[in-house]
Amino acid sequence: MLRYIYADELHQYPELAKAMFQDRADQFKTRLGWEVSVDENGEERDQYDALNPLYVIWEEADGGHGGSMRFLPTTGPVMVNEIFGHLTGGAPISSPLIWECTRFCLARGAGSHVAAALMLGGGEIMTAFGIRHFAGVFDARMVRIYKAIGSSPEILGFEGTGRDRISVGLWEFSQEARDKVAARAGVSQELSRLWFNRAFGSARDNRFAMTG
C-alpha cells in the first residue's frame, strides 16, 4: 500500500523509516556509487530530509519498504536549484504550482509495479494539492523506467552522455498518464484515492505554503 508521511511523522513508523533510509544508501551509494552521506546505521540522508519533506512510501504486505520518493515545494530550498541549477541555465524553478520530487528509490527485489505505484502516489499529491508540475533530477537508467510506467518528463537540461547522463525534468500528470500508471501498478484509482484520503482526510493536510 501507499503511505504519505511527513518527516516529522516518521517516528510513528520506525522500522519502515529505517528501511527506507537504508535502501536509499544501498541504491545511491552501493549500487550507483553516488557521493552521498551514509551514517553509522547504514542510512542515507541529506540536508533536504531536514526540511520536513513529504515522503510517499510503498509498504509491502509484510510491512517492509518497497520504494519511496520525497517531495518539497520549489518555493523553498530544493536540489534542482541549489545543486543542479546550472542544468537549466541558472534560472531557478520556483513556483507554488511546482514541487520537486527526489530520492526515487526502489528496494532490491521490488516488483515492477512499485515504481508505477509511487508515480500514482505523486499524481494523488498533484491533484489534491493543486500542483501542476513536478521537477526532478534523474540519471540515465531512469529514462527506461519512466517510459515503461507511462510517465516520462519534459527534459529541461542535462549534462554527460550515456550512462553518466544527468537530466532535470518536468512532469505533468494527465488523466491518460494516470490511467497508464494505475494499470502498470495494478492498483485501481479508487484504491489509490482511498489510501491518500486515509493519510490526509478531507482537510488535505498540506504543511507547505502554496503561495509565495
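**Helix α6 and its surroundings**

In this predicted model, the buried residues of α6 pack against β1 (2-6), β2 and α3 (113-129). Helix α6 covers residues 189-200, which makes 12 residues. From its first C-alpha to its last it reaches 16 Å, close to the 16 Å expected at 1.5 Å a residue.

The residues of α6 that are buried include S192, W195, F196 and F200. Seen down the axis of α6, the buried residues fall within an arc of 120°, so they line one face of the helix. An α-helix has 3.6 residues a turn, so residues three or four places apart point the same way. On the other side of α6, E190 and R198 are exposed. After the helix comes G201, with a positive phi near 65°.

The contact with α3 has a charged counterpart. R193 forms a salt bridge with E124, and the closest N and O atoms are 2.6 Å apart. Because R193 lies in α6 and E124 in α3, the pair ties together parts that are 69 residues apart in sequence. R193 counts as partly exposed, at 29% relative accessibility, while E124 counts as buried, at 1%. The structure holds 14 salt bridges.

Next, the strand side. β2, one of the elements that the buried residues of α6 pack against, spans residues 54-59 and pairs with β3 in the antiparallel sense over six bridges. Y55 stands opposite R70 in β3. The two strands form a hairpin with five residues between them, and G63 in the turn has a positive phi of about 90°.

Strand β3 (residues 65-73) is mostly covered, with nine of its nine residues buried. β3 is also joined by six bridges to β4 (residues 98-106), and these two strands run antiparallel. L72 has E100 in β4 as its bridge partner.

R70 also belongs to a network of salt bridges that links R24, E44, D46, D49, R70 and R103. Within that group, D49 forms a salt bridge with R24, the closest N and O atoms being 2.6 Å apart. This pair links distant parts of the chain: D49 is in the loop between α1 (14-31) and β2, R24 is in helix α1, and they are 25 residues apart. Both D49 and R24 are buried.

Elsewhere, the side chains of R45 and D39 meet in a salt bridge at 3.7 Å, N to O. R45 is partly exposed, with a relative accessible area of 37%, and D39 counts as partly exposed at 28%.

How values were computed
Residues are numbered from 1 along each chain as its sequence is written. This is a predicted model: local features need pLDDT of at least 70, side-chain atom pairs count only at pLDDT 80 or more; totals for chains, interfaces and linings use all residues. Side-chain values use heavy atoms; hydrogens and water are left out. Buried means under 20% relative accessible area, exposed over 50%, partly exposed in between (1.4 Å probe, protein chains only). Helices (H or I, at least four residues) and strands (E, at least two) are DSSP runs, numbered from the N terminus. Two strands pair if DSSP finds at least two bridges between them. The expected span of a helix is 1.5 Å times one less than its number of residues. The arc is that of the directions from the helix axis to the C-beta atoms. Contact means heavy atoms within 4.5 Å. A salt bridge is a side-chain nitrogen of Lys or Arg within 4 Å of a carboxyl oxygen of Asp or Glu.
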